[in-house]
Amino acid sequence: LLVSKDLGKHLLEVEDLLQKHGLLEADISAQTERVQALNAAALKFSELEGYQPCDPQIICNRVNHVQTCLEELGELAGKRRKELEDSRQLWAFFQEMEEAEAWIREKEQILAAKTCGRDLSSVLTLTNKHKSMLGELGSRRALLHQAMKRGEQILAKKRFSPGGIQEKMREVRLRWKKLEEVTGLHQQRLQEALNFFQFSAETDDLVAWLQDTYRIVSSDDFGHDDYSTQALLRKHRAVVEEVEKHRAAVLALRKQLALLAPEHRQGVDVQIRVVEVEQLYGEVAEVAVLRQQWLQDALAVYRMFSEVHACEVWVDEKEQWLERMEVPEELDEVEVVQHRFESLDQEMNSVMGRILDVNQVVQQLVDGGHPSSEEVRSCQDHLNSRWNRVVELVERKKGQLSSVLKIQNYLLEC
């Protein structure tokens, strides 16, 4: 049993042989105690004095022979255990290699069947799964490294033919290298797909924002008075700032497109999409400038109307005063009225400046092709007409006062 050359042909068989060998070693251990007791009893016969039933040398030789056989048996048992343990280490190594190959085949099949997703959500899901697989790959790499070290140790002992071990190690290393290459390639494809779908999502978000902004800047609501138009103008300026902030994002689309994988950036649809975004941004920026000008023109019109109204209120008041005013005949009263006209001259100079400003604003609006040019021009003409009437009334009343003063001065001289 101990000189048997059967070391097993697979791990389970070796385990079975080791179990049987353990029973044999236990049996040897039990027999060792018995042999030692028998040897001790036999040696007593070699020490007898007087009558000796057997030559003492024969007894010693026989005891030594039995002891030597027992020791040889122990040596054989130890040697066979070492051989069986080496065999178990060998077959355990081959089993680890087979398990590694099976794991590699499984991952190769998974990678071969994997797609890169159809949208951003599916790509993110696949990316997370791939990260988990990379974690598994790292753990398996450490185990494989340990198994390879055990293979090197088996080769260093030179107990078995190195051909099969080296071939298996070389084969597993090649398959592992190929798996890492395929894994890296798939990771690259996932990253390329992720970049593309992120680019598409950002482009879609940009288009949606531009479309919403276009609806805002193309509104035909310009307010109904000074206050509402100012509020709209403040809001519009904020929108214009946002449009300007998005200019960099639109300009960066070309650079982002150039960084995509060839299969993604060379697609006709994605190139057309970029052109559409650039055109849409140009339209939004252009309409935003126009709307700001229109709001400023509307604000100018409302402020002009407000100024015209204020001037006309003053004109109404002075016109009614002038028409009701009777030129007095008494000198004292004439002097009082004359002082009033001096104050009126100062007011008229101030109002005249405001009317000139109104005329200048009207001319700017008309020259700019404002849609309310006719209404503005009509309002201007009406104000100028009323102003001229007030000027005529003032001049007439001043003339009357001047005549009365001359008469009064003449009478005083007389």
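Residues are numbered from 1 along each chain as its sequence is written, and side-chain values use heavy atoms, with hydrogens and water left out. Because the model is predicted, local features need pLDDT of at least 70 and side-chain atom pairs count only at pLDDT 80 or more, while totals for chains, interfaces and linings use all residues.

Helices here are DSSP runs (H or I, at least four residues), and strands are E runs of at least two, numbered from the N terminus. Helix 8 covers residues 268–324. Two packed helices are described by the angle between their axes and the distance between the axes. Axes are lines fitted to C-alpha atoms, for helices over the stretch in contact, and angles run from 0 to 180 degrees between N-to-C directions.

Helix 5, residues 226–245, packs against helix 8 at an angle of about 160°, and the two axes lie 10 Å apart. Helix 5 is therefore roughly antiparallel to helix 8 (angles under 35 degrees count as roughly parallel, over 145 as roughly antiparallel, 65 to 115 as roughly perpendicular and the rest as oblique). The crossing of this pair is left-handed, a term used if the near helix is turned anticlockwise from the far one by less than a right angle, with right-handed used if clockwise. On the helix 5 side, the residues that meet helix 8 include L232, L233, H236, R237 and V240. Among their counterparts in helix 8 are Y281, V284, A285, A288 and R291; contact means heavy atoms within 4.5 Å. Sorted by class, the contact of helix 5 with helix 8 has 12 nonpolar, 5 polar and 5 charged residues. In this scheme Ala, Val, Leu, Ile, Met, Phe, Trp, Tyr, Cys and Pro count as nonpolar, Asp, Glu, Lys and Arg as charged, and the others, Gly among them, as polar.

Helix 6, residues 247–259, also packs on helix 8, with axes that come within 10 Å and cross at roughly 165°. Helix 6 is therefore roughly antiparallel to helix 8, and this crossing is left-handed. R247, V250, L253, R254 and L257 of helix 6 make the contact with V270, Q271, V274, V275, V277, E278 and Y281 of helix 8. By class, 8 nonpolar, 1 polar and 3 charged residues take part in the contact of helix 6 with helix 8.

At 6% relative accessibility, Y281 counts as buried (buried means under 20% relative accessible area, exposed over 50%, partly exposed in between, with a 1.4 Å probe and protein chains only). Neighbours within four places in sequence aside, Y281 is in contact with L210, V243, E244, H246, R247 and V250. L210 is 71 residues from Y281 along the chain, yet their C-alpha atoms are separated by 6.6 Å.

K318 is buried, with a relative accessible area of 13%, and E319 is buried at 11%. With residues up to four places away in sequence left out, K318 is in contact with L344 and E347, whereas E319 touches R386, R389, V390 and L393.

Elsewhere, I59 sits in helix 2, residues 56–113, and is buried, with a relative accessible area of 11%. I59 and A26 are 33 residues apart in sequence and 28 Å apart in space, C-alpha to C-alpha.

The cysteines complete the picture. A disulfide is a covalent bond between the sulfur atoms of two cysteines. With a disulfide taken as a pair of cysteine sulfur atoms within 2.5 Å, the count comes to 0. C69 is in no disulfide, and the nearest cysteine sulfur, that of C60, is 16 Å away. C69 is partly exposed, with a relative accessible area of 36%, while C116 is buried at 14%. C379 belongs to helix 10, residues 373–413, and is buried, with a relative accessible area of 17%. Sequence neighbours within four places aside, C379 is in contact with M304, F305 and V308. The C-alpha atoms of C379 and V239, 140 residues apart along the chain, are separated by 33 Å.
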